Amino acid sequence: MAIQDPEEVTVRSAIRALCAGVVAAGLACSPAVAQQKLKIGFITTLSGPQGVIGEDMKNSVELALDNLGRKVGGLDTEVIYGDDQVKPDVGKQLADEMLKKHQVDFVAGVIWSNVLLAVAPTVTDAGKLMISTNAGPHQLAGKECNERFFSTSWQNDQTPEAMGKYMSDQGITDVYVMAPNYAAGKDMVTGFKRYFKGKIVDEVYTKLGQADYQAEISQLRAKNPKALFVFYPGGMGIQFMRQYAQAGLRQQIPLYSVYTADELSLPAVKEAALGQWETRFWSPDLQVPANEKFVAYYRKKYGKTPSFYGAQSYDGIMLIDSAVRAVKGNLKDQKGMIAAMRKANFESIRGKFTYNVNHFPIENFYLLKVVPGPGDVPQMKIEKTVFENHKDSYYKECGMKW
Amino acid sequence: MNLVLLLEQTLNGLQLGVMLFLMAAGLTLVFGIMNLVNLAHGSLYMVGAYLSVALFNLTGSYPLAVLLALAGTLAVGMIVEIVALRTLYERDHLDQVLATFGLILFFNELVAILWGRAALYTTMPAWLSGQLELFAGVRYPTYRAAIIVVGIAVAVLLWYVVTRTRLGMLIRAGASNRTMVAALGVNIRLLYTVVFGFGAALAGLAGLMAGPIYTVQPGMGEDVLIEVFVVIVIGGIGSIRGALAGALIVGMVDTLGRAFLKPVLATVLSPTAAESAGPALASMLIYLLMAAVLAVRPAGLFPARG
Amino acid sequence: MHAHARTLTIAVVLAALAAVPPLAALLGQPFYLDLFRRIMIFAIAALSLNLILGYGGLVSFGHAAYLGIGAYAVGILAHHGIHNGFLQFGAAIVASAAVALVIGAVSIRTSGVYFIMITLAFTQMLFYLGISVGEYGGDDGMRLAGRTRFAGLLDLRDATPFYYFVLAILAAFLYLVHRLVNSRFGMVLRATKSNEARTRAIGFSPYLYKLAAFVIAGAMCGVAGALFVNQTAYLTPAFMNWTRSGEIMFMVILGGMSTLIGPVLGAAALLLLEDLLQSWTQHWQLILGPILVLVVLFAKRGLAGLLPGAARNE
């Protein structure tokens, strides 16, 4: 090995040290924090196939900001977005960064239950407010409820509970149940069974992320159930719905689902989803003035229909707005903000609702059907109300009182 | 467990095996001839799917879209080979794995930029979308039956090309001794490019056939990729016979496992135990199978060399 | 000359890391303490992989499994009320070593791509197993019931002592790897990487040496896992995903395989780069992908190769 020229080494080392110094200085610099600014950290998934959900949420947040003139609660607002890559430890690191580096006042968002279970305690332990605009794991509704945590969506079990109730009321029996084999899948089935009193022919859990359901479809056809209840979010749902239709079973065995047919998956399956039933707390056609405005704005600005992920995120910003407004911009008055949020005194896209002791909404749940829409993309339409002012099943385990 | 169901599940296993074979054949060919581990094979599958959807929307004709998509994937494959992969032949497998992994990230984002992250809508022509009434009262989707037919046809075609044509002879010679082949005056570089393009076209075929039944979205290749690697490892790397055997075995085991493992377990365990053990075991089954095969035959079932 | 330069580099890096907490406090940016602590934990994982990958030539795509096993060992004990650090870390080491022994015993019989695939398969199996077992949260994961405590000496809940604890372990492992690699054991290991047949001809059993290295690496990564779960205060089977193995592998390559300081540099570079890029654009993978390809193709010696005194380790 040739001996390096000492002078060259010194020069190189010096340059290297200089570069390191510049980098360190660059990292250390952060924009001066203006006192009257509101900072909100928004954690969602922006990359990968699930990025399509994050896109919808981000669009809705931006829409809310535009409608408020970029001032939430009267204060100039900055939203810092983070991409959790569907990983709980990345979500937690984002939360740490938002809290310590950007010094946000609120953290909102989070699609996935396992990410939320890592992020929410981080935020609340740091003394800041956490607004979940999607995930609703039962732990946070029950034993681990926290006064700094609010949800503008639902508790995971509530949506399948509504489907269980509807199918029970209709006297539907001999139901075949399918879901992916992971925590959310099992929760959905638990919620369903809590209200469904009929006979369940079989409960099948498929591999998470499975693409081909032909084998399971053959099995269920052999069992000859009267109805099928499934939970297949995202890409799994698109594949399942398509393959179900291709097997010719749509007309034979009616399909009831939760979080499977939605505004994000319908454009990919189109007519293959027609006639499917879902339950949800909201639909784009829900006749509430705030909702009609939201959907109209969204369609105009982005050229497509918003999903429930977006609607929930929109509400998240409006909730924060109501809180900051109530304390007249005094962000240090956290007790005041919490008291204001508990009143749910804002124009929600779901209509008027109240908060339960565990800071989860008490809201209606509707039966939706996939019907033909404008163009060739079907849409969701509300058929009837299944639950009015439905409470989740875990609030009794929550020790909060107010 | 009635006979009709068993027959239907066998067909399902066959169909899954055939799809895996199309992917595995291309991958194992490239590995056997060029000693290249190509993780981006899944990206070529994705390219085939995306091209077929885009071209169908453009031309409105399914046969035309299929042909153009195949040609397109072939072209993309050859370009990737010339631009990015040539430098990798001399490298060790680790470098190849990592470099092609980087390619995956790149392709996924590129596709997301061109077509967005949302899954694309795909459709199939009306004459393929019904069901067939097969023997013994088995109703099987026409499209899936078509996949089986195409897969078998490709297997036969491959066998013919490899054993009966000059190109096939060059391929087999190149697999055993590439320096000698080059010394005999054959343009090895061209051969490699052609073989890679061929493999890419096979992946593209699998992709365009998968389009109507699976989701077409960025990253769709990675879900299949691991299974395909399991197939060629079980079958033996570098051998098409191994790819076929491995693909059929994996397809069958996976399908029958998903369908019958829980009921079978329920006969020996309690229903609740079978409830949780069944799906858990079914998702791990092909990995267990691979570990078992490798424990007994560390080079797979039909390795190409010796 | 070169050995001294290398030691100097390592000393400089460790000193720089030691300076982070006071610097962060001075600048009022406590976040950087967390960030660099995370970098150090991954550096330990990368260090352990480098032992078998860089020096042993074993391309294990399943290394993230031990991160998960270490994390779960601590998490499960904490769940049942055991917060004693000695017990927890002891369990993490024993569990990881045991699993590494089993996986290694089967996998090391194969070689090349087969080895890569089988290690990948084992990780996937553990991942699906973790998802299916609802007892410890399944894929929802589990919150860490309480931070590790070392009998009045140290509570990992305190940010700065935790940081220095990780730094101490990193330094200790660097020393351990240095001694291992330069011992007779290490020489045989490196010999099996460059020419296995000759090594066997001399009379050593490559299989046993590789297996031993595999188990040691697994145990070290288990410690990284135990630290990781204290860092995130949360654990999920996602720790064991094969893509995470790929990330750790990239850190090793990026930093420079078969060098001592390489994994540390690689971990720092990759995590800092990710953090930086993703704040710019959601399409950051479009940039990261080609960067990784270029590094593999043209900067084989990695970042460590850029430093003065970088010698080829033959």
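The legends below walk through close-up views of a predicted model. Local features rest on pLDDT of at least 70 and side-chain atom pairs on pLDDT 80 or more, while totals for chains, interfaces and linings use all residues. Residues are numbered from 1 along each chain as its sequence is written, with chains lettered from A and ligands numbered from 1 in the order in which they are written.

**View 1. The open sheet of chain A.** Here six strands line up in the order S2-S3-S1-S4-S5-S6, with mixed pairing. Strands are DSSP runs of E, at least two residues long, and helices are runs of H or I of at least four, numbered from the N terminus; two strands pair if DSSP finds at least two bridges between them. S2 and S6 (149-151) of chain A are the edge strands, each pairing on one side only.

**View 2. Strand S1(A) and its two parallel neighbours.** S1 (residues 37-44) of chain A is joined to S3 (residues 75-83) of chain A by eight bridges, and the two run parallel. Look for A:Ile40, whose bridge partner in S3(A) is A:Val79. S1(A) also pairs in the parallel sense with S4 (residues 106-109) of chain A, over four bridges; there A:Gly41 stands opposite A:Val107.

**View 3. The hairpin of S2(A) and S3(A).** Two bridges link S2 (residues 71-72) of chain A to S3(A) in an antiparallel arrangement, and A:Lys71 has A:Asp76 as its bridge partner. Two residues lie between the strands of this hairpin, and A:Gly73 in the turn has a positive phi of about 65 degrees.

**View 4. Helix H12 of chain C.** This helix (residues 284-298) has 15 residues and reaches 21 Å from its first C-alpha to its last, close to the 21 Å expected at 1.5 Å a residue (1.5 Å times one less than the number of residues). Its buried residues include C:Trp284, C:Leu288, C:Leu292 and C:Val296. Buried means 20 or more other C-beta atoms within 10 Å of a residue's own, exposed 12 or fewer, with C-beta atoms placed from the backbone. The buried residues of H12(C) pack against H4 (93-115) of chain B, along with H10 (242-255) and H11 (262-280) of chain C.

**View 5. Where chain C meets chain A.** This contact takes 25 residues from chain C and 30 residues from chain A, counting C-beta atoms, placed from the backbone, within 7 Å.

Methods
Two residues are in contact if their C-beta atoms, placed from the backbone, lie within 7 Å.
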